[in-house]
Protein chains: 2
Amino acid sequence: MSQLLTLARDLKRRKARERKGLFVAEGVRTVEELVASTWAVTGALVSSAIRDTPRGAALFATLEAQGIETLEVSEKEFESAADTEHPQGVLAIAKAPSATLAGLDLPDGTVRLLVLDGVQDPGNAGTLVRTGAALGVFAVVALPGTADLWSAKAIRSAVGAHFRRPVLHAELEELSSLLSDSNVELWTTAGDGQPIDAIPAPQRLAIVVGNEGAGITDAVRGLASRSVALSMSSGVESLNVAVAAGIALYALRP
Amino acid sequence: MSQLLTLARDLKRRKARERKGLFVAEGVRTVEELVASTWAVTGALVSSAIRDTPRGAALFATLEAQGIETLEVSEKEFESAADTEHPQGVLAIAKAPSATLAGLDLPDGTVRLLVLDGVQDPGNAGTLVRTGAALGVFAVVALPGTADLWSAKAIRSAVGAHFRRPVLHAELEELSSLLSDSNVELWTTAGDGQPIDAIPAPQRLAIVVGNEGAGITDAVRGLASRSVALSMSSGVESLNVAVAAGIALYALRP
């Protein structure tokens, strides 16, 4: 069996991704974004489904033109390697950057960070990366308990946002150091916080969103200087965590 | 084979749901919301997985206490009937209300509607229903080309929001009549619109979001009195459609 196929299958597991420092991008749009980035691509797997659309066929040609090792496998083999639904006959394997919070070179002046505290669903985690990117955050930081930001599902939900800014996992202690060393305030979002529109946002701000069910952990609350709430129409209804983050980042934009 | 099992399997198809006027709610939280609503439940299917959590077991007891016909089937049979991932051993079948746009009794004064113009992904469609509900829209209206708002995936992504306000499919002509008869303005969201914060929102407003790739159709643009844009950090990045709708509804809230 081919090495690329074995590798892609292996990379479905978080432990394998972490040990090898590799990730998998699936689907035409995500692989397009990857090959358009400056990142080195280890290789790609395709099935005949890639020829179903002109856009897929063009991507196949790009992979070959860029000299990326591209292996065509049967539909069945491809499905055994892919982790997301309808991967459109293409996945690519690439190296994840080994970014750390301590190595993050925050700009002077205005800065926004988005912090994920135990966001469980990979799709939500990826949509949060996309949302943060679109609303100008410098980096997206995932605390322990958060889904792997480098799973195929998270990568795909972020449609390329991983390739254009720091996206990293960190321990709470690392975040705590960064905040105090770099003079960044941490605000949490919670139903019982102060109305978000009532308070001017600080220049340097990290916004935390929590677990889909349980919200933000006590340890993270302890680091926060403020908790803010969106004005909602009803106590019964709730927002998806990525939608809530989008509104918070928008309301608190510089 | 049991009738409930056959029925649940059949209701995976949109045509069957439309013909029978029934839908399927899957997962503990969604079925909890359904049985807590005033809606009549036709029946429920459970597998042994429902006893895996205290919350699932409590729901099973509630189904029995409410006299809802509840059939226990094997894991394999349950999986053949369920349409979403990890349905936690429970699904319930219920009657969809036969609401029409013409029959919608809009309140006087301030009103918000959310209109979906060709939103393709059922998860996005459901998250839009949830988002609209949380941000106070009176109804969510799906135009042709939009995923079925009554699929198991859409219902589940909306976590109960369907059961508390009108959620319906309509033709463009029906929407057009409602807008003019009820004096509601229609605004579209698009990258090239006017900055959303620059314009005071009208009292009676319907906000449209479009297809994930292609945006809003020309026909719907033709009905709109204005197009508004969110201030984004970069032209490269984009927002998920539900996140964009959440920000627009928040920025334009009464």
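Visitor: Which ring does Arg253(B) lie over?
Guide: This is a predicted model, where local features need pLDDT of at least 70, side-chain atom pairs count only at pLDDT 80 or more, and totals for chains, interfaces and linings use all residues. Residues are numbered from 1 along each chain as its sequence is written, chains are lettered from A and ligands numbered from 1 in the order in which they are written, and side-chain values use heavy atoms, with hydrogens and water left out. A charge sits over a ring if NZ of Lys or CZ of Arg is within 6 Å of the ring centre and within 35 degrees of the ring normal. At 3.9 Å from the ring centre, Arg253(B) lies over the face of Tyr250(B).

Visitor: And in chain A, how far is Arg253(A) from the ring centre of Tyr250(A)?
Guide: Here too the arginine lies over the ring face, with Arg253(A) above Tyr250(A). The distance from the ring centre is 4.0 Å.

Visitor: How many aromatic pairs are there over all chains?
Guide: Rings of Phe, Tyr and Trp (its six-membered ring) pair if their centres lie within 6.5 Å; planes under 30 degrees apart count as stacked, over 60 as edge-to-face and the rest as tilted. A search of the whole structure gives 10.

Visitor: Why is the pair of Phe23(A) and Phe163(A) stacked?
Guide: Both residues are buried (under 20% relative accessible area; exposed is over 50%, partly exposed in between, with a 1.4 Å probe and protein chains only). The ring centres of Phe23(A) and Phe163(A) are 6.0 Å apart, and the pair is stacked because the planes are at 25°.
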